[in-house]
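Please examine the structure shown below together with its sequence. The briefing that accompanies it is arranged by topic.

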Amino acid sequence: MRPDGRIGGLVQSLSEHLVRNVEEHLLEGARRDFLQRGFTTLPFLAPDEVKSAVADEIESLVEAHGVRRGMSFKETGHTPRQMRNVRHREISEHGTVIPEVYAAPDLLAALTRVAGEPVLPCPYEPERYVITELEQSGDTHGWHWDDYSFALVWVVACPPAEHGGFVQCVPRTYWNKQDPQLHRQFIAQPIHSFELRPGDLYLMRTDTTLHRVYPLSRGRRLIINMGYASQADLHKPISHETMDGLWHGSREEQAGQTV
Ligand SMILES: O=C(O)CCC(=O)C(=O)O
Ligand SMILES: [Fe+2]
């Protein structure tokens, strides 16, 4: 879809916010966190007006195009993925705000400051953005790594940590798709856990941070994950088994079933 005047205004207010309101020390602090733990929250990155426009679009897309999926993949040790989601194709066909925000040059520049290296639009379109809703008891996005280096996650809804839905991660881990050895990663290094609130954003180093969303026991969790590439990603061969299964549908039959 073509951006209209309203969308242009939103991108403009995102840029103005990033340039005028986001102080250097916030980005510096985020950068330290990110380098140390592979994870940092950045609730200050977007103004309320932009967060609500993104949230409204996510809510209407999940209502119109959300599909329940239940899968697991041998490449990540058969951890469960139980969720409803909206994939890139539906978001780019029916969304207006998300595609523009994703590619906003000032957002990429701020993320680049936090990451300490260029944060680039993902060359593989299905991984640019995906909406995930956890809505039933037991819903989870189980332990995995992502194929590309960075994820910016916008949190629209999230229960308090008592009901699950918080993020756990093990930074500085390496994904061997033939033998992921998840238990060895947990034994070798501590697992960090982070509570999230509606309105939060976080950046994760997703190719070298093993991560999951703790299973929900109550409530509802709704996010959009925006995936970005590093310069190195553009040159390395990436096979897309797990993300194709999740976000593209090509391995869905082998991987599990739609529930
Ligand atoms: O829901 C989250 O916070 C993380 C999602 C995620 O890891 C992914 O979509 O690859
Ligand atoms: Fe992920």
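Predicted model: local features only at pLDDT ≥ 70, side-chain atom pairs only at ≥ 80, totals over all residues.

An iron ion (ligand 2) is coordinated by His144, Asp146 and His211, and 12 residues surround ligand 1. The largest nonpolar core has 52 residues.

**The iron site**
- The site of the iron ion has 6 donor atoms, and the angles among them run from 49 to 168°; its geometry is classed as irregular.
- Along the sequence, the donor residues follow the spacing H-x1-D-x64-H.
- Distant parts of the chain are linked here: Asp146 belongs to the loop between strand S6 (140–144) and strand S7 (150–157), whereas His211 lies in strand S11 (residues 210–213), 65 residues apart.
- Both Asp146 and His211 are buried.

**Ligand 1**
- The closest of the surrounding residues are His144, Tyr202, His211, Arg221 and Asn225.
- Oxygen atoms of ligand 1 lie 2.7 Å from a side-chain N or O atom of Asn225, 2.8 Å from a polar side-chain atom of Arg221 and 3.2 Å from a side-chain N or O atom of Asp146.
- On its own, ligand 1 has 300 Å² of accessible area, of which the protein covers 98%.

**Nonpolar cores**
- Within the largest core, the residues with the most contacts are Leu107, Leu152, Trp154, Ile224, Met226 and Tyr228.
- Helix H3 (residues 48–65) gives the most to this core, contributing 7 residues.
- A second, separate core has 12 residues, among them Phe39, Ala151, Val153 and Val167.

Key:
Residues numbered from 1 in each chain as written. Chains lettered and ligands numbered in written order. Heavy atoms only, no water. Core = buried A, V, L, I, M, F, W, Y, C linked by side-chain atoms within 4.5 Å. Buried < 20%, exposed > 50% of the residue type's maximum accessible area, 1.4 Å probe, protein only. Helix = DSSP H or I, 4+ residues; strand = E, 2+ residues; numbered from the N terminus. Donors = N, O, S within 2.8 Å, 3.2 Å for Na, K, Ca; no water. Tetrahedral: all angles 85-135°; square planar, octahedral: opposite > 155°, others 65-115°. Near = heavy atom within 4 Å. Polar contact = N/O pair within 3.5 Å; in protein donor to acceptor, adjacent residues only side chain to side chain. Areas by Shrake-Rupley, 256 points an atom, 1.4 Å probe, with all protein chains shown as cover.
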